[in-house]
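User: Hi! I am new to reading protein structures. Could you walk me through this one?

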Amino acid sequence: MIEPNPKGEVWVFAEQEDGQLSDVPLELMGRARVLADQLGVPVGSLLLGSDVAPLADRLVSHGADRVYLVDDPLLAQYQTNSYAKVVCDLIHKHRPQMLLYGATPMGRDLAPRCASACRCGLTADCTDLEIGSHEDRAAKKTHENLLMQIRPAFGGNIIATIVNVRRWPQMATVREGVMPMEPPDAARSGEVIREPAGVEPTDLVMKLIEQHRRPKRVNLKAARIIVAGGAGVGSRDNFRLIQDLANALGGAVGGSRAAVDGGYIGHDHQVGQTGTTVRPALYIACGISGAVQHRAGMDQSAKIIAVNTDPDAPIFQIAHYGIVGDLNVVLPKMIKAVKARS
Amino acid sequence: MGYRCVVLVKQVPDTKKVTGKAMNDDGTVNRAALPAIFNPEDLNALESALRIRERYGGTVTVITMGAPAACDVLRDALYRGADRVILMTDRRAAGSDTLATSHILSCAVKHQGEFDLVICGRQAIDGDTAQVGPQCAEKLGIPQITYVEADVELNDRTIRARRGVGNGWETLEGPLPVLLTVTAEANVPRPPAARRIMRCKRARAPIEMRREIDEADPDAPDDQKQAAVEKRCEELKANGLLIEQVGLDDVSADLDWVGLRGSPTWVNRIQTIVLTGSGYKSVEPTDEGVAAMVHELIEDHTIG
């Protein structure tokens, strides 16, 4: 266990695969910057892998003051045990005050392993991170400058703020797309600090037998306009209407979990807590009830249009424009109106 | 060959059925309004273990940490085919976060005996953290394979498992013992078997037995009641129907690392989600209504 270090750095785990940085650490870096500036400490980034030194520049331009580079052939492939060992060794050596990871399959595999080894607190799937204080009434003590780890809980029906007062570093994972990615600043400078991996071949207990990656068929995060269909669309064939409106608007097609589970559209198009989090300029929700897990993935959209036959559907609570009606009637009207103006 | 599987399960409120009545006015959860269920992905974990036993032989032991009411999920596990079920119950464990929970559960796993696989559901539907599995693996000092989405292959002391990685999958090979976390994609859990329900519905933990005896004969002296509990438990045990029960002291848990005070993370605040629903512009589902909306969106450069 590590003594809490209020001068400790704010760290971001820089997830990468095959020499490509994931978007999440870059998104997290922006928030890490805000938190670190408030605390008056540097932002550090942990970059593990083999031949990954060229990625350090990008981390610096997105906000890292220091990149702890652990470059070793034994780290070429992610593995729980080897990566956790490196991360924990660095934590013991440098005593950061917080460590943020993306809540990706890698992050969710690695973070709890590190938290357990360091005997520190970890909060998963945070939707917001702030600096705040916590009053411990039982011990009659107020702790300041803590990381407030905010996340939905209880099936998404409540928002909980979690704190970790002394089992540091304070660890948290954040899903992709939740924090906006700030533009990089090539003028920024930072240090690259090479650290030894301290990993032996015997630490690699797993062997990768086979791997299958599918490139994503749609880039929802980059779409300015998304037309999404839900259970109300009714069938895979009828999803053509959603596609037609998306085409007319130059937008991308999205779907709720219900639509994906129903086979109307592929998982790559899923918007929501277990799909992709999006913040387009315009989100048109057609036949989507607006369950909290779906809302979590799109409620930051600049403008939301909801089309649903049920006036009590929760989606209307977050919509800017609401049309209570049948999407089979309304969508053709929208397509007509858009085409008439262009 | 035979593999000793230990499955970690949790009884959770059915968060998918939350209605307005589920939250009290002060923001706390009205647990009485929510039915308690077997955490869905833990059923997949149990199914994985049962399939391993069917294919390779061995035993399936199920452990849950919870209040005595959690015996319901242990009975459910018996109905589906578990060989041995254990309740870890102790008031001092209340308020445990994932780190404290994984400490207690890993002590319970070590206490129950040798094992080859520890199998967990990926995550519970109340906490939604997916942390307890990997944290238990670290505490048990064994490797982990998370997000297992298919049947595993075992060969002597080697396991092969396919895990989902978001935009694809990978197959890993590793040594036993190992901890797996299993997703809903991995299998379809078998239902309880009628024959097993008939046989195992009498299964009880000592604490449940004590409550039944208290209710049946509240005025009897304590040592008489205790003797009755022990006798009934002996009978159940002889029939393979005793739900084993352990507390923190039985499994040598470190009390500094359990319960609320032993947890690194604490709840600072809880807010119920209240949607104000005041904001939307109502649009008629007519040509005119829709055209007017589209016009506005073009004017403010949202479209085009």
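This is a predicted model: local features need pLDDT of at least 70, side-chain atom pairs count only at pLDDT 80 or more; totals for chains, interfaces and linings use all residues.

**A guided reading**

User: What helices and strands does chain B have, and what share of its residues is buried?

Analyst: Chain B has eight helices and 14 strands. Of its 304 residues, 49% count as buried. Its C-alpha atoms fill a box of roughly 80 × 55 × 45 Å along the principal axes.

User: How many residues does each chain give to the contact between A and B?

Analyst: In general, the size of an interface is often given as the accessible area lost when the parts come together. Here we can count residues instead: chain B gives 63 and chain A gives 65. On the side of chain B that touches chain A, the elements giving two or more residues include helix H3 (98–112), helix H4 (132–140) and strand S10 (168–175) of chain B. The largest share of that side, eight residues, comes from S10(B). By type, the residues on that side of chain B divide into 30 nonpolar, 22 polar and eleven charged.

User: In which sense do strand S13 of chain A and S10(B) pair?

Analyst: The general idea first: strands of a sheet pair through backbone hydrogen bonds, either parallel or antiparallel. Strand S13 (residues 207–213) of chain A pairs with S10(B) in the antiparallel sense, over six bridges. To find one bridge, look at A:Leu208, whose partner in S10(B) is B:Leu172.

User: What is the order of the strands in the six-stranded open sheet?

Analyst: Read across, the order is S15(A)-S14(A)-S16(A)-S17(A)-S18(A)-S14(B), with parallel pairing. Strand S15 (252–255) of chain A and S14 of chain B stand at the edges; each has a single partner strand, so one side of each is left without a neighbour in the sheet. Inside the sheet, strand S17 (residues 303–308) and strand S18 (residues 321–324) of chain A pair in the parallel sense over four bridges. One of these bridges links A:Asn308 with A:Val324 in S18(A). Helix H5 (residues 239–249) of chain A packs on the sheet, touching S14, S15 and S16 of chain A, and its direction makes about 170° with that of S14(A).

User: Which residues of helix H8 of chain A are buried, and why do they lie on the same side?

Analyst: The buried ones are A:Leu327, A:Val330, A:Leu331, A:Lys333, A:Met334, A:Ala337 and A:Val338. They cover an arc of only 160° around the axis, which puts them on the same side of H8(A). On the other side of H8(A), A:Lys339 and A:Ala340 are exposed. The cover over the buried residues includes H5, S16, S17 and S18 of chain A, together with H8 of chain B.

User: Is A:Asp125 buried or exposed?

Analyst: A:Asp125 counts as buried, because it has 21 C-beta neighbours inside 10 Å. Its phi is positive, about 55°, although it is not a glycine.

How values were computed:
Residues are numbered from 1 along each chain as its sequence is written. Chains are lettered from A and ligands numbered from 1 in the order in which they are written. Two residues are in contact if their C-beta atoms, placed from the backbone, lie within 7 Å. Ala, Val, Leu, Ile, Met, Phe, Trp, Tyr, Cys and Pro count as nonpolar, Asp, Glu, Lys and Arg as charged, and the others, Gly among them, as polar. Two strands pair if DSSP finds at least two bridges between them. Axes are lines fitted to C-alpha atoms, for helices over the stretch in contact, and angles run from 0 to 180 degrees between N-to-C directions. A residue is buried if 20 or more other C-beta atoms lie within 10 Å of its own, exposed if 12 or fewer, and partly exposed in between; C-beta atoms are placed from the backbone. The arc is that of the directions from the helix axis to the C-beta atoms.
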